[in-house]
Amino acid sequence: MPTDSSGQSITLPALTDPPNITTLAVAMQSILDRAVPRFASAAARAATLTSPAEGMMSWLQDVNRLDVYTGSAWSPVLAGGAWQSYNPAWTASVANPTLGNGSIAGEYSRVGDQVTFSAKITTGSSTTYGSGPWSISLPVQAAVTVDMIGNVMVGDATGTSLYSMGAAYIPAGGQTASLYAGGLHDGALISATFPQSWAAGDRLWVSGTYRAL
């Protein structure tokens, strides 16, 4: 029997071959193995493809991602990169803030397993600030590998518009970033009382790059 012309060693039944449904089924399965099957999630893929072959590709519908099997693990194909918006969740460890007539916005870009994001909060006259240290949700959960550090800037709209600088702590496997500000030995988690007395028009910027699931 002939094989395909693309060098994939797929047996192709010819018209002169005797009918054989098994041979045809094997050929069809070989073609499907080299296609890009779609799965609802990585868990659904793992349940179906229990023995993937090196070079297989798949599309995950929940995260809109193309993966390739390297022979030992599924790895994202470097694709994408277009910026898209997301709605950051602003929370606190004791009581959550409420945005009121303030504003919050976020954007992120993903290339393979690398995510770059930026979020901004502008407080309003009806904003309340909760209690306990604040966190900002990430657009995509961080990979369970190593902690990452991003950037934080706080703008005080009163007086001469003073600014505080800090860091966004993104824990391995985390879904939120913790926010720090301050200098050597006096840095602390940002909250309703630190690093300033919050009022309408104040701003909080958070950005960073991290490895995602």
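**Close-up views of a predicted model**

**View 1. Space in the second largest pocket.** The second largest pocket holds about 280 Å³ of space. A pocket here is an open set of points on a 1 Å grid over the protein atoms alone, where a 1.4 Å probe fits, with protein on both sides within 12 Å along at least five of seven lines. The volume is the space filled by probe spheres set on the points, which are joined across faces, edges and corners. The model is predicted: local features need pLDDT of at least 70, side-chain atom pairs count only at pLDDT 80 or more, and totals for chains, interfaces and linings use all residues. Residues are numbered from 1 along each chain as its sequence is written, and side-chain values use heavy atoms, without hydrogens and water.

**View 2. Lining of the second largest pocket.** Of the 17 lining residues, R65, P76, R110, A212 and L213 lie nearest the pocket centre; lining residues have an atom within 4 Å of a point. α2 (42-48), β3 (65-69) and β4 (74-76) each give two or more residues to this lining, and β4 gives the most, with 3 residues. Helices (H or I, at least four residues) and strands (E, at least two) are DSSP runs, numbered from the N terminus.

**View 3. The aromatic pair F117 and Y210.** The rings of F117 and Y210 are edge-to-face, 5.9 Å centre to centre with 75° between the planes; rings of Phe, Tyr and Trp (its six-membered ring) pair if their centres lie within 6.5 Å, and planes over 60 degrees apart count as edge-to-face. Because F117 lies in strand β8 (residues 114-122) and Y210 in strand β14 (residues 203-211), the pair ties together parts 93 residues apart in sequence.

Conventions:
Phe/Tyr/Trp six-rings, centres within 6.5 Å; stacked < 30°, edge-to-face > 60°.
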